[in-house]
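Biologist: I am new to this structure. Could you show me how to read its features, one at a time?

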Amino acid sequence: AWKKYAPKPFTSTEEFEKAAVSHIETTLARSLYNCDEFAAYAGTSLAFRDRLVIDWNATQQNQTFADQKRVYYLSLEFLMGRALDNAMLNVQQKEVATKGLADLGFRIEDVISQEHDAALGNGGLGRLAACFLDSLASLNYPAWGYGLRYRYGIFKQEIIDGYQMEVPDYWLDFNPWEFPRHDVTVDIQFYGHVNKWQDEDGKQQTSWEGGEIVEAVAYDVPVPGYATGTTNNLRLWGSKAASGEFDFQKFNRGEYESSVADQQRAETISAVLYPNDNLERGKELRLKQQYFWCAASLYDIVRRFKKTKRAWKDFPNQVAIQLNDTHPTLAIPELMRILIDLEGLEWDEAWQITQSTFGYTNHTVLPEALEKWSVPLMQHLLPRHLQIIFDINLIFLQFVERSFPKEREMLGRVSIIEESNPKMVRMAYLALIGSHKVNGVAELHSDLIKTTIFKDFVKIYGPDKFTNVTNGITPRRWLHQANPRLSELIASKLGGFDFLKDLTMLHKLESFVDDKEFRKEFAEIKYANKVRLAKYIKDTNGVTVDPKALFDIQVKRIHEYKRQQLNIFGVIKRYLDIKAMSADERKKLAPRVNIFGGKAAPGYWMAKTVIHLICEVGRIVNADPDVGDLLKVIFLEDYNVSKAEIIVPASDISEHISTAGTEASGTSNMKFVLNGGLIIGTCDGANIEITREVGENNIFLFGNLAEDVDELRHAHLYGTYELEPSLSHVFDAIRSGMFGDAGAFSALVNGIVDHGDYYLVSDDFASYCKTHEMIDEAYRNQEEWITKCITSVARMGFFSSDRCIDEYAESIWNVEPLAPKQNG
Ligand code: 26V
């Protein structure tokens, strides 16, 4: 049925060419005689952008007219990657562009790859937000994303002599996908003081005065749904100096320098994405970013609501706001401030509205990632919000005291204010208290938050406030775009591409698992994807790898809890084993290529040490004639979304090996299996549900369970600690200088040997290595291997972000889809 709503297409190749060429010649003012790939990219993008804008306007008009509840997804990160390929796919016009560009002398892949990634995110949390936008639009939900328009996205990683170097990612030189709205601005206040007085009717009034004003300017990005007219909006706020009289006066007085400095200070707010994933540092600029973005977004949402002329009690029937982690928690006191100080509502009504409006998603239980802001800092920057937070806390604690009169020690534990020096505001507690639902992102994680960080709150509010929504990924980007041949093969068996809208249809593939022709093509596609990655490795790293070898891939942010160190220690063990073998024994071995990629936060020394060790091991192993093709170790520079689209379809095995209980969900695990690779993983995050879906025989699980982690950690510190002997052997090799200066790696080794092995690398090492031997064995039987891969793909339907968004809509937002009006 959705086909009849499909947007009006380019009716011919010529029509597309005309549009693209016209943009090249007029919008870009370039002659066709020096039209290079970049100009072809720009012209193609502008031609498609014109198409999107029509749907976008129609969607916004339709949503305003329909006047039903909308979802607002507040996220400090949207890791969108490239837009053109996705736009062509979603408006179902890629074929026309392919032919048209060929007429003009270009290959579409080359044109697509001209685009700079929109890298406004760190990792899983930001990419999840991008997948959600795709699903929201594809399912016709009336939804907006709100974020910050960083001038610099996540840094570009360069590997120089085996060390990570960070280079700024200035990505805005040419960005056809954003529309500056210089007429949509909001003045945002910082600092100042609070005034309280009684008005003529004796009513208590509060206002926030003085301080400084920074202007928020809207930049809108169209988000097209797949095969639907719905094109939603992602609104990113940029900061600039408020053009008030103050500046003019300064300027007129001749204080040019200080007026320029003011301008730069204002623009700094949206200048750069913080590159710490999972580490909170309490920097003032970060808090400014958070408030700037929350205040601008809420002003915008409230402005839109007020146009409907409804009563305030209707606000939660018109507006659902989802908080992507605690980063937007200030939206809670900000909405309270608007309702009470500016709109004159009573506290209780304002609180009722606020709680019904917000939902909060938790994405981590790691204590070092839980946001806390110092009370003095907040007092200085946001004096009125701090008062409101204190009031929320007071009323909450009184409620807890009444409900649990015999448990006074609980009050200190659940207080929003931590009684430390300085005092701290616990943002996760504020987010939880101010929302009607709290969700984790995979079953295990949602259980864990109820028994660890939010245990007391389950008692206070009851279990119904907590729910699970297991993460998902969009099959449009992560199957069709990244792996077009596999997508086409599937379509040929299922009778079309409807599975891209309903991924559970993949289950029908199981009946083809014994189909010879299908199996052959499936295997050929995997091989072709490996050839493509091998070529990329040759081009970037200069190393030749054999596409027939088993490709073993771990790509994700570098973090101790994700345990890339476990992986590289396993690789070293494999290397030492090979070295100790006879030539005959070596002949029986299955060749491997171990591929790593991922960024370390710039100040995270241990993570940078892991990168260095991987590079050094690669340098030695790849040049060792004893080893040849049996083992290659590759570190791919600057892992990002567009590189993931090449890497993910090329795996035989991918590694998702976090210490049990630490990885909230993981989402790349889903991408790899959907693309016909198998997983080695721990019983953590979504790995557990992937196992439930694909079956235990189709995944390689190992290691200790989450429930045993505390006891093991305790035993390391207070019991007798024995290092796993095979790991000890690996450490001896590192200490011998086999991989360069041993001193460079001493902190990494000592953390395990002397400092309690917090991430249980030693405890899991033996079962990890043993499981890799089972993988070697299984890979030798290619027929069975392919059966596992096909069966797994067929069973991955659950992990579509479409399923995930429908669950949010039903159980948290209470919003309905809105079918687009037919165009033209
Ligand atoms: C935290 C912080 C702390 C302050 C500095 C900047 C910063 C940036 C990001 C974060 C978020 C940490 C939480 C996070 O990224 N969680 C990941 O969320 C994924 C999507 O739900 C999930 O798949 C991953 O397992 C989880 O680690």
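Modeller: Let us start with one residue and its contacts. Setting aside neighbours within four places in sequence, L381 is in contact with F190, Y191, E284, L287 and K288. Keep in mind that this is a predicted model.

Biologist: Where does L381 lie?

Modeller: L381 lies in helix 13, residues 375–381. The C-alpha atoms of L381 and H193 are separated by 9.4 Å, yet the two residues are 188 residues apart along the chain.

Biologist: How does L381 count: buried, exposed or partly exposed?

Modeller: L381 has 18 C-beta neighbours inside 10 Å, so it counts as partly exposed. Buried would need 20 or more.

Biologist: What about residues that are buried together?

Modeller: In soluble globular proteins, nonpolar side chains tend to be buried together. Here the largest nonpolar core has 227 residues. Y72, F292 and I614 have the most contacts inside it.

Biologist: Which residues does F292 touch, leaving out those up to four places away in sequence?

Modeller: F292 touches I188, V214, A216, W237, S239 and I269.

Biologist: Now strands. How do I read their two faces?

Modeller: In a regular strand the side chains alternate between the two faces of the sheet. Take strand 2, residues 78–81. F78 and M80 point one way, L79 and G81 the other, and all are buried. Strand 13, residues 358–361, is also covered on both faces. F358 and Y360 are on one side of strand 13, G359 and T361 are on the other, and all are buried.

Biologist: And how do strands pair?

Modeller: Strands of a sheet pair through backbone hydrogen bonds, either parallel or antiparallel. Strand 2 and strand 3 (residues 118–120) run antiparallel, joined by 2 bridges. F78 has L120 of strand 3 as its bridge partner.

Biologist: Which strands pair with strand 13?

Modeller: Strand 12, residues 319–324, runs parallel to strand 13, with 4 bridges between them. There L323 stands opposite Y360. Strand 17, residues 437–440, also pairs with strand 13 in the parallel sense, over 3 bridges. In that pair, T361 stands opposite N439.

Biologist: What is the order of the strands in the open sheet of 6 strands?

Modeller: The order is 21-20-19-22-23-24, and the pairing is parallel. Strand 21 (631–636) and strand 24 (700–701) stand at the edges. Each has a single partner strand, so one side of each is left without a neighbour in the sheet. Within this sheet, strand 19 (residues 550–555) and strand 20 (residues 592–597) are joined by 6 bridges. V555 stands opposite G597 there.

Biologist: How do I read a helix?

Modeller: An α-helix has 3.6 residues a turn, so residues three or four places apart point the same way. In helix 27, residues 687–694, the buried residues are N687, I688, E689, I690 and V694. They pack against helix 17 (443–451), strand 22 (653–656), helix 26 (668–674), strand 23 (678–681) and helix 32 (782–794).

Biologist: Which feature does UniProt place at K671?

Modeller: An unreviewed UniProt entry places "modified residue: N6-(pyridoxal phosphate)lysine" at K671. This residue is in helix 26. K671 has 30 other C-beta atoms within 10 Å, so it is buried. Apart from neighbours within four places in sequence, K671 is in contact with I473, W478 and V648.

Biologist: What surrounds the ligand?

Modeller: The ligand is surrounded by 23 residues, and the closest are G124, L125, H363, A664 and S665. By class, this shell has 7 nonpolar, 12 polar and 4 charged residues.

Biologist: Are D67 and D638 buried or exposed?

Modeller: D67 has 12 other C-beta atoms within 10 Å, so it is exposed. It is found in the loop between helix 2 (37–66) and strand 1 (70–74). D638 has 20 such atoms within 10 Å, so D638 is buried. D638 lies in the loop between strand 21 and helix 25 (641–647).

Biologist: Which residues does a cis peptide bond join?

Modeller: It joins N421 and P422, with omega about 0°. P422 is in the loop between strand 15 (417–418) and strand 16 (424–426).

How values were computed. Residues are numbered from 1 along each chain as its sequence is written. This is a predicted model: local features need pLDDT of at least 70, side-chain atom pairs count only at pLDDT 80 or more; totals for chains, interfaces and linings use all residues. A residue is near a molecule or strand if its C-beta atom, placed from the backbone, lies within 6 Å of it. Ala, Val, Leu, Ile, Met, Phe, Trp, Tyr, Cys and Pro count as nonpolar, Asp, Glu, Lys and Arg as charged, and the others, Gly among them, as polar. A nonpolar core is a set of buried Ala, Val, Leu, Ile, Met, Phe, Trp, Tyr and Cys residues joined through C-beta atoms within 7 Å. Two residues are in contact if their C-beta atoms, placed from the backbone, lie within 7 Å. Two strands pair if DSSP finds at least two bridges between them. UniProt positions are given in the numbering used here, feature names are shortened, and annotations may be inferred rather than shown by experiment.
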